[in-house]
Amino acid sequence: MSEFTDVENNTELQFKFCWVTALRAEATPLIDAFNMKIVENKSLFPIYANEEKGHALVISGIGSIKSAAAATFLKNHLKINDHSAWINFGIAGFFKGPIGDIYQANKVVSKESGAAFFPGLRLSKLIPAAILFTVSKPENGYKEKVLYDMEAAGFCEMAPSFSCNELTYVIKIVSDTPSASSSLITKHLVRELIEKQLSKISDILAEIEILVEEEKKRLSIPNEVIEFEKRFKFTETNKYKFREIYRKWKIAFPSKRLDLSEFLNSQPKEIILRLEKEVLLNAEDWNAL
Amino acid sequence: MIETIFFEEEIYEHPTTERIRRALPRAGWVPIDRYQELFNKRHQNFKLQKKNPALILAKKHDNFVLPVPSGFGMDSHKSFYFSHMYNCLYDCKYCFLQGMYSSANFVLFVNYEDFFTSISEKIDKYNGKTLTFFSGYDCDSLAFDKLSGFADEALNFFSDFPNTELELRTKSIAISSLLQRRALSNCIVAFSLSPAEIAKSLDSKAPSISRRISAIKQLAGAGWKIGLRFDPLIYTSDWKELYSALFADIMNGLDPERIHSISYGPLRFPKKMYKKAASLHTEHKLFAFPMEETNGVVSYGTKIETQMHDFLKSELNNYISENKIFQCTI
């Protein structure tokens, strides 16, 4: 463990981007670019992170199942939020060159199960899209006009349930083609191909970050609500009612603060009733705009 | 602009697909087996997807034409609805589609001919009776028309059945395909309208009310029958003034004879849809009003609904005869 010593108990870590790569060679340029440090190196899946910059990364190893398992491990280990983006990143074979080109997969097909996935919002203005086949053995025939990898389908099976499909991305850099054999791939080449695309990757992240922030805002629970829920024992039903009426109350009275001291001797139901009453009174002079 | 088109391989050669291929030469085309594998996927985020929806071209296989639910509106004769498309270009905060579908992608069923065959069968079955077919229940009838070309084909079809009505319901001002042809006496072009201030806040990406009113007047001037749809009615403290002004704006210079019908309906959601819509627009005032829930339906409640009903009925009577005014209750 490194400086992330409080990871186990910290539920406030705010990672915007969660990377899942198969190989260390694919991870290293990202680890360096985003200044990530090792968080977990005792398990099967090494984790790196930089909370300040909002990046977390797990190295899955090769294969679809490992990719799904590593993503799940990262999600649980760092208690990743529901609004984070998940990116399966790495190298892939393609039916045409040049190597080094970067693509977003707009359809991922597991050649093993036949299952199809359609990850992410399309970032067409930044990056071309291609179909990707996830295969269980290295593909050297490049028979179809698609990208080939060995992980994305497993990743796509799992990652959308961590946030949503629109925050799940599969981004690949072409490493081998019919005229550039996969046998020529070296760690050095992988690093070189990825480093050349770091500027493009930054642009892509800026676009994804807008979506992450929007989801974060939508899903966030205001501190006032958290304070009240800590102070009072809401049943699950009342918790839902409280959050809902608080949402309406806050829209009606954006500059007001829900003051804990006004409710110290109240029951949860009384708090809800009081907010309902205030919202109802306000509705008499309602402006829908 | 549509950047990505998912298409069922079965309809790749269909003329409608071909038309769209010509219209969007730079879009990325991705083959799929059936539209549901994409459209019905779990964990989709409607709100984020709405930022850049894809077009899905599909073939509809059954349930082309369905009877309208009771309370839909014009109740004088047998009515049906059909949806050649799911979802809409616009992003209206109150739209039930955001609660109904998990995807914001547009599905266009390209086999229009099968819809028309099914409509023909209904006409044959109810031989001699006046039927109305509503388009635009799960989509906007005209908003996508430049690409889909649906209206033109539908009008060609309905021109052979003068006793059968077609209603095209829309917020769109894409009316060129209508203006380029002679008005069809059995077609009603029905516009959904709200006071301009309300539409500006709620009808995201839709044409402004002034542009919709202008389109209404152009169509009426060209001889088309017009429907006016005030649905949903939105409550504000000054709603009477806003709706009065809206009616005055619409009727100013519009021949009342060209109005086929007016319908209005209160803002209502099934409880589940309300919860989903509110969760998508957590900070919008539309979902901050203290709505009432009765029998699983979320609404403004009887008191406000009755006030709005009474006012609209009497206000609209100033412009048009009562037998052309209907209340939609679903």
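Q: Start with B:K205: buried or exposed?
A: B:K205 is exposed, because its relative accessible area is 51% and the cut-off for exposed is over 50%. Keep in mind that this is a predicted model.

Q: Where is B:K205 in chain B?
A: B:K205 sits in the loop between β12 (203-204) and α10 (209-221) of chain B.

Q: What about phi of B:K205?
A: Phi is near 70° for B:K205, which is a positive value in a residue other than glycine.

Q: Which residue in chain A has a positive phi although it is not a glycine?
A: A:Y142 has one, with phi at about 50°. A:Y142 belongs to the loop between β8 (129-134) and β9 (147-149) of chain A.

Q: And A:Y142, buried or exposed?
A: A:Y142 is buried, with 8% relative accessible area. The cut-off for buried is under 20%.

Q: Cis peptides next. Which residues does one join in chain A?
A: A:G97 and A:P98 are joined by a cis peptide bond, with omega about 5°. A:P98 is in the loop between β5 (85-94) and β6 (102-110) of chain A.

Q: What is omega for the cis bond between B:D231 and B:P232?
A: Omega is about 10° for the cis peptide bond that joins B:D231 and B:P232. B:P232 is placed in strand β13 (residues 225-233) of chain B.

Q: Staying in chain B, where does B:G253 lie?
A: B:G253 is in the loop between α11 (239-251) and β14 (259-266) of chain B. At 71% relative accessibility, B:G253 is exposed.

Q: How far is B:G253 from B:K217, C-alpha to C-alpha?
A: Their C-alpha atoms are separated by 7.8 Å, while B:G253 and B:K217 are 36 residues apart along the chain.

Q: Switching to chain A as a whole. How many helices and strands?
A: Chain A has eight helices and 10 strands. Its C-alpha atoms fill a box of roughly 75 × 45 × 35 Å along the principal axes.

Q: What share of chain A is buried?
A: Of the 289 residues in chain A, 55% are buried. Chain A exposes about 13600 Å², and carbon and sulfur atoms supply 52% of that area.

Q: What fraction of its contacts is between residues 24 or more positions apart?
A: 70%, counted over the contacts in chain A with a separation of 6 or more.

Q: What are the domains of chain A?
A: Domain 1 covers 7-219 and domain 2 covers 223-283. The centres of domain 1 and domain 2 of chain A, taken over C-alpha atoms, are separated by 41 Å.

Q: How do α6 and α7 of chain A cross?
A: The axes of α6 (residues 223-231) and α7 (residues 236-252) of chain A come within 11 Å and cross at roughly 145°. The crossing of α6(A) and α7(A) is right-handed.

Q: Which residues meet there, between α6(A) and α7(A)?
A: From α6(A), A:E224, A:V225, A:F228 and A:E229 meet A:K239, A:F242, A:R243, A:Y246, A:W249 and A:K250 of α7(A). The residues of this contact divide into five nonpolar, no polar and five charged.

Q: Now A:L167. Where is it, and what does it touch?
A: A:L167 is in the loop between α3 (152-158) and β10 of chain A. Not counting residues up to four places away in sequence, A:L167 touches A:H83, A:S84, A:A85, A:W86, A:L211, A:V212, A:E215 and, from chain B, B:L48. A:L167 counts as buried, at 0% relative accessibility.

Q: How far apart are A:L167 and A:E215?
A: Their C-alpha atoms are separated by 9.3 Å, and A:L167 and A:E215 are 48 residues apart along the chain.

Q: And A:T168, buried or exposed?
A: A:T168 is buried, at 0% relative accessibility. A:T168 is found in strand β10 (residues 168-176) of chain A, and its contacts, leaving aside neighbours within four places in sequence, include A:W86, A:F155 and A:P160.

Q: Last one: which strand holds A:V58?
A: A:V58 is in strand β4 (residues 55-59) of chain A. A:V58 is buried, with a relative accessible area of 0%. Leaving aside neighbours within four places in sequence, its contacts include A:W19, A:F45, A:I47 and A:L74.

Technical notes
Residues numbered from 1 in each chain as written. Chains lettered and ligands numbered in written order. Predicted model: local features only at pLDDT ≥ 70, side-chain atom pairs only at ≥ 80, totals over all residues. Heavy atoms only, no water. Axes fitted to C-alpha atoms, helices over the stretch in contact; angles between N-to-C directions. Helix = DSSP H or I, 4+ residues; strand = E, 2+ residues; numbered from the N terminus. Left-handed = near helix turned anticlockwise from the far one by under 90°. Contact = heavy atoms within 4.5 Å. Nonpolar A, V, L, I, M, F, W, Y, C, P; charged D, E, K, R; others polar. Buried < 20%, exposed > 50% of the residue type's maximum accessible area, 1.4 Å probe, protein only. Areas by Shrake-Rupley, 256 points an atom, 1.4 Å probe, with all protein chains shown as cover. Domains from an automatic or database assignment.
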